[in-house]
Amino acid sequence: MARRKKIYEGKAKILYEGPEPGTIVQYFKDDATAFNAQKKDVIEGKGVLNNRLSEFFMTGLNQIGVPTHFLKRLNMREQLVRSCEIIPLEVIVRNFAAGSLSKRLGIDEGTQLPRPIVEYCYKDDALGDPLVTEEHIAAFGWASQQDMDDVLSLALRVNDFLSGVMLAVGIRLIDFKIEIGRVYDGDFQRLVVADEISPDSCRLWDIETGRHLDKDVFRRDLGSLTDAYSEVARRLGVLPQAAPTKPTLIN
């Protein structure tokens with residue numbers, strides 16, 4: 001499709017005006033970043049894999065009644081999504097201790113948590129996306145109490161879905177982060193899962209070996225990021241078992 005006006009460029013995606021009012025074209029880049037973009041690289045095929053995987057997860061959520069902004073995949077690197085007003089929060093759901101939670105609380109990585117823990121970070125790269133509480137969210141007007149009740153419900157439903165899907169293919173869902181957007185239909189507002197769901201935004205460990213199949217491979221120099229993401233895609237059936245090694249060939 002013809003290239004349209006760029007709306008925004010982030011670390012992993014570019015947003016363009018969509019073909020119809022209220023739509024956006026979301027383009028997945030090959031750029032990989034970590035530690036608030038202090039570590040950067042370009043990983044060939046990463047954007048193609050994340051586009052396909054996010055399509056898989058968002059479609060599955062839509063099918064079980066969890067609303068998302070996803071409409072359809074357009075090509076290897078682009079998908080059509082609903083335009084929405086993003087709540088300025090990263091919503092993090094943790095099932096096992098890892099990453100910053102392990103550092104903050106001194107819990108060994110891989111320790112199963114007593115129940116899923118939901119955390120919120122204020123989306124601001126310059127501040128390092130600081131952890132915030134519902135008190136901060138209410139005080140600064142980022143979301144209403146009703147919004148937060150709905151955000152929590154959405155986050156836990158996404159967790160149930162992703163955990164089950166991953167468990168079925170021998171992968172443990174350690175944690176993940178999502179963004180939530182507001183969609184307006186006249187005076188009516190509803191919340192939807194937005195942005196993307198991919199190994200960029202989840203921690204995924206092989207159940208048998210503990211192998212990392214997520215962006216920690218890049219953060220911690222654990223091997224090939226493309227191989228890790230391709231493994232997730234193959235297990236989920238997003239890539240055929242005999243797929244070419246270069247994911248850029250997928251359409």
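In which loop is the place of Asp-129? In this predicted model, Asp-129 lies in the loop that runs between strand E10 (112-122) and strand E11 (131-132). The backbone of Asp-129 has a phi near 50°, which is a positive value in a residue other than glycine. With a relative accessible area of 16%, Asp-129 is classed as buried, because the cut-off for that class is under 20%.

A positive phi is likewise found at Asp-221, where the angle is near 55°, again in a residue other than glycine. Asp-221 is placed in the loop between helix H5 (216-219) and helix H6 (225-235). Is Asp-221 buried or exposed? The relative accessibility of Asp-221 is 60%, so this residue counts as exposed, the limit for exposed residues being over 50%.

The cysteines were examined for disulfides, and a disulfide is a covalent bond between the sulfur atoms of two cysteines. When a pair of cysteine sulfur atoms is required to lie within 2.5 Å, the count of disulfides comes to zero. For Cys-84, the closest cysteine sulfur is that of Cys-202, and because the separation is 18 Å, the two are too far apart for a bond. Cys-121 is also in no disulfide, its nearest cysteine sulfur, again that of Cys-202, being 15 Å away.

Technical notes. Residues numbered from 1 in each chain as written. Predicted model: local features only at pLDDT ≥ 70, side-chain atom pairs only at ≥ 80, totals over all residues. Heavy atoms only, no water. Helix = DSSP H or I, 4+ residues; strand = E, 2+ residues; numbered from the N terminus. Buried < 20%, exposed > 50% of the residue type's maximum accessible area, 1.4 Å probe, protein only.
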